[in-house]
Each structure stands twice: as C-alpha cells, then as structure tokens.
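Hi,

Here's the structure I said I'd pass on. Have a look at it first, then read my notes below.

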Amino acid sequence: MTELNDSEQALRIYECQRKELAGRNDSILKKFVRDPKYGLVPEKPVFLDGIEETSRFLDSLTTSDGTKVYGVRNGEASRISGIAGLVDCYVMFYKKKGIFFKKDIRIGRIYICEYSNKTVWQAPRGYSLDFL
C-alpha cells in the first residue's frame with residue numbers, strides 16, 4: 001500500500017469533514033439564492049461543492065457587462081452562525097488597461113462556502129458566469 005504524503009492526508013481529512021458538514025447546508029442554500037445580498041455578505045454565501053468547484057466558479061466569473069474578474073482569497077475563513085463549515089472571503093478585481101499601464105481595480109468581495117453537496121451556479125448581483 002502506498003503511504004500518503006502530508007498534503008494528500010490533509011486533503012483526505014478536509015474532504016471527509018466537508019462531506020459530513022455539507023448535508024447540513026443543503027437545506028438552506030435555495031433560500032439564499034433569491035436574496036439580493038447572496039454571495040455579497042458572509043451570512044449568505046455562494047454554496048459550492050468543494051475546492052474544484054470553487055476554482056471553476058471563480059474562473060467563470062465576470063462583471064455583469066462581461067469584464068473578466070479574478071478573486072484573491074482574503075485571509076482566514078470565518079465561522080458563521082447557521083452555516084456548517086467555513087466561509088471564505090474573496091476580494092474581486094479586474095485589470096484596467098491603458099496605453100502605458102495595467103492596473104488591478106478592486107470591485108468588491110464575494111463570500112463562498114465550499115461545504116455543500118450541490119453547486120449553485122448563480123452569480124451574485126453585479127456578476128455573471130461565463131461558461132464559454
């Protein structure tokens with residue numbers, strides 16, 4: 001039998017804990033999607049099914065006018081009352097290009113909870129998902 005390295009072991013532990021907690025969030029995620037603050041406040045995060053779905057979601061995110069954006073995880077994850085697992089904050093940016101410059105412009109924050117058995121493919125207000 002092959003022995004797991006530390007990062008593989010940590011990932012397995014995370015995934016076991018995530019699956020255990022995910023079922024608790026499945027009953028509340030539908031009510032958050034209709035809320036205007038969905039994904040924009042920690043108490044109403046976007047629910048995604050793990051790390052891979054979070055990466056796919058963030059890679060597909062644009063502003064509502066189609067400008068490509070990217071997110072940078074902001075520090076520690078938070079525990080929020082009524083939500084099983086942790087909620088991560090991502091600071092969102094887009095690149096503004098001029099003739100002689102390129103600048104990152106901060107446009108807001110998105111809150112994501114990876115502890116769900118389902119991915120809700122709906123962008124928060126002000127954003128869109130581009131699956132091209």
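The side chains of Asp88 and Arg73 are joined by a polar contact of 3.0 Å. Keep in mind that this is a predicted model. Leaving aside residues up to four places away in sequence, Asp88 touches Arg73, Ala77, Ile110, Tyr111, Ile112 and Glu114.

Next, the strands. Strand 5 and strand 6 run antiparallel, and 10 bridges join them. In strand 6, Lys102 is the residue that Lys97 stands opposite. Strand 6 also pairs with strand 1 (residues 46-47): those two run parallel and are joined by two bridges. Over there, Val46 stands opposite Ile112 in strand 6.

Now for the rings. How many aromatic pairs does the structure hold? There are three. One of them is Tyr70 with Phe93, a stacked pair with 5.5 Å centre to centre and 20 degrees between the planes. Tyr70 belongs to strand 3 (residues 70-73) and Phe93 to strand 5 (residues 86-97), so this pair ties together parts that are 23 residues apart in sequence. Phe93 is buried, at 19% relative accessible area, whereas Tyr70, at 27%, is partly exposed.

Cheers

Terms used
Residues numbered from 1 in each chain as written. Predicted model: local features only at pLDDT ≥ 70, side-chain atom pairs only at ≥ 80, totals over all residues. Heavy atoms only, no water. Phe/Tyr/Trp six-rings, centres within 6.5 Å; stacked < 30°, edge-to-face > 60°. Helix = DSSP H or I, 4+ residues; strand = E, 2+ residues; numbered from the N terminus. Buried < 20%, exposed > 50% of the residue type's maximum accessible area, 1.4 Å probe, protein only. Pairing = 2+ DSSP bridges. Polar contact = N/O pair within 3.5 Å; in protein donor to acceptor, adjacent residues only side chain to side chain. Contact = heavy atoms within 4.5 Å.
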